[in-house]
Amino acid sequence: MINVSRSKSTPRPISLGLALVAAVIWGQAAHAATCPRKDALGTSRILSVDAATTPRVGLKSFPQTLPLEDHEVVLTFDDGPWPATTPKVLAALARECVHATFFLIGKPASEHPELVRRIAAEGHTVGTHSWTHPILSQIKPEDAVDQIDHGISAVEMALHGTATTTPSTPFFRFPGFASTPATLDLLQSRGIVVFGADLWASDWNPMTPAEELKLLTGRLTEAGNRGIILLHDPQKHTADMVPAFLQYLKDNHYHVVHLVPAAAGPKPEVKPEVKPGPKADAAPAKATP
Ligand SMILES: [Zn+2]
């Protein structure tokens, strides 16, 4: 794991130049100490994302995105956890010692809590993606809020045994990127970062892993060789493609950036009520963004 206590490990250099050198050395040391394969891709750096300064990111939906450098990518996976495929994605990420962000759907998270805990235990960041993946802009506003909260509480229950609607990682992605001004305002008021994406593989469509790899790498080039990448771990062709994609990133000198929530962001609204169990109208998750 790379996200061990950074503050204890980072030296206190006396200049910016030394700070950069120290950061590189620290990163290499952390990588070497935690990654069993010395030729693995590895996570190059940890980027703290603060809702106060970047409440919404991802150029597909918003005018701004994360401050990524040339050849830096962020890996994000939506719609899990899914027992048939998520472990394969986790194994590929672990083999290359890279960390991703998973935007989980609440209902499958409640059905597979051990998989939610495994994702977190392997060092990945866990955001949420509603309770049952409806298009929130097309349902009643109060139902949209319930979808957001129920999704958060299901993931928190799986991770920590507490059905709180205050997320321990305040990262959210709308199903189908279908936000509304009201839900965006609500999430911002609660200090929850809304993630769009900078590029995706359209992996909700049928395709072979080879076709997906070609599409994704082409789009990464078109996007300027950087960005927040959206994939879907419940898609078998994606799970089958991820090892080759990580190899592509390594061969082409990309760097994987691991997102973590800012430690000192605004306090999310506390809503202590405990949600009831699954609703009768719960529908299966759709494998769309
Ligand atoms: Zn989705």
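**View 1. Phe-177 in its loop.** Phe-177 is partly exposed, because 19 other C-beta atoms lie within 10 Å; a residue is buried with 20 or more other C-beta atoms within 10 Å of its own, exposed with 12 or fewer, and partly exposed in between, the C-beta atoms being placed from the backbone. Phe-177 sits in the loop between β6 (171-172) and α7 (181-189). Helices (H or I, at least four residues) and strands (E, at least two) are DSSP runs, numbered from the N terminus. The phi of Phe-177 is positive, near 55°. Most residues other than glycine have a negative phi, and most peptide bonds are trans. The model is predicted: local features need pLDDT of at least 70, side-chain atom pairs count only at pLDDT 80 or more, and totals for chains, interfaces and linings use all residues. Residues are numbered from 1 along each chain as its sequence is written.

View 2. Cys-97 is not a glycine, yet has a positive phi of about 55°. Cys-97 counts as buried because it has 21 C-beta neighbours inside 10 Å. The peptide bond joining Gly-80 and Pro-81 is cis, with omega about 0°.

**View 3. Helices α3 and α9.** Helix α3 (residues 86-95) packs with α9 at an angle of about 10°, and the axes are 8 Å apart. That makes α3 roughly parallel to α9, a term for angles under 35 degrees. Axes are lines fitted to C-alpha atoms, for helices over the stretch in contact, and angles run from 0 to 180 degrees between N-to-C directions. Lys-88, Val-89 and Ala-92 in α3 meet Ala-239, Val-242, Pro-243 and Leu-246 in α9; such contacts need C-beta atoms, placed from the backbone, within 7 Å.

**View 4. The two sides of helix α8.** Glu-212, Leu-213, Leu-216 and Leu-220 of α8 are buried. They cover an arc of only 100° around the axis, so they are on the same side of α8; the arc is that of the directions from the helix axis to the C-beta atoms. Among the elements covering these buried residues are β8 (199-200) and α9 (236-251). Exposed residues Ala-210, Gly-218, Thr-221 and Glu-222 are on the face turned away from the buried side. Just after α8, Gly-224 has a positive phi of about 90°.

Key:
Two residues are in contact if their C-beta atoms, placed from the backbone, lie within 7 Å. Angles under 35 degrees count as roughly parallel, over 145 as roughly antiparallel, 65 to 115 as roughly perpendicular and the rest as oblique.
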